[in-house]
Amino acid sequence: MPPPSDIVKVAIEWPGAFPKLMEIDQKKPLASIIREVCDGWSLPTPENYALQYADSRNFYITEKNRNEIKNGAILRLASSPTQIAQAIHERIQSSSMDAKLEALKDLANHSLDITFAQEF
């Protein structure tokens, strides 16, 4: 019997850890899924994290686009758009021109994702 259509099987990466193979219930709130992933790696404050596609796009997964996740997808646990936006904002205000330049490069790269752009 095939698995229910609201269950997708994915791999989730985290730097320095073995990827987790998970079944994601698409009916479950995304925040609950992120909390479960963070708990598995003993990461505090799950609200500081988000899921992204682990491909060249690195787009964030949201409640609106999560239905696009396919079986076999590789996802990455990453800092949330809020955390990234705050870090870039702080670096832009730095007195170091090199730090500002790197922050602006990061901003340009992250801004391709509408979820990040709306947060910034």
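The legends below describe close-up views of salt bridges and nonpolar cores in a predicted model.

Residues are numbered from 1 along each chain as its sequence is written. Because the model is predicted, local features need pLDDT of at least 70 and side-chain atom pairs count only at pLDDT 80 or more, while totals for chains, interfaces and linings use all residues, and side-chain values use heavy atoms, with hydrogens and water left out.

**View 1. K27 and D6 form a salt bridge.** A salt bridge is a side-chain nitrogen of Lys or Arg within 4 Å of a carboxyl oxygen of Asp or Glu, and the structure holds 6 of them. In this one, the closest N and O atoms of K27 and D6 are 3.2 Å apart. The pair links distant parts of the chain, 21 residues apart, with K27 in the loop between β2 (20-25) and α1 (30-40) and D6 in the segment before β1 (7-13); helices (H or I, at least four residues) and strands (E, at least two) are DSSP runs, numbered from the N terminus. K27 counts as exposed because its relative accessibility is 69%, whereas D6, at 17%, counts as buried. Here buried means under 20% relative accessible area, exposed means over 50%, and partly exposed lies in between (1.4 Å probe, protein chains only).

**View 2. R91 and D106 meet in a salt bridge.** The N to O distance between these side chains is 2.7 Å. R91 lies in helix α2 (residues 81-92) and D106 in helix α3 (residues 97-110), so the pair ties together parts that are 15 residues apart in sequence. R91 is partly exposed, with a relative accessible area of 28%, and D106 is partly exposed at 27%.

**View 3. K105 and E102 pair within helix α3.** Their closest N and O atoms are 3.5 Å apart, and the two residues are separated by 3 residues, about one turn of the helix.

**View 4. The largest nonpolar core has 20 residues.** A nonpolar core is a set of buried Ala, Val, Leu, Ile, Met, Phe, Trp, Tyr and Cys residues joined through side-chain atoms within 4.5 Å. The members that touch the most others are V10, I12, L51, I69, L75 and L77. At least two residues come from each of β1, β2, α1, β3 (49-53) and β4 (74-79), and α1 gives the most, with 5 residues.

**View 5. I69 is in contact with residues including V8 and Y53.** Contact means heavy atoms within 4.5 Å. Leaving aside neighbours within four places in sequence, I69 also contacts V10, Q26, I61 and L75.
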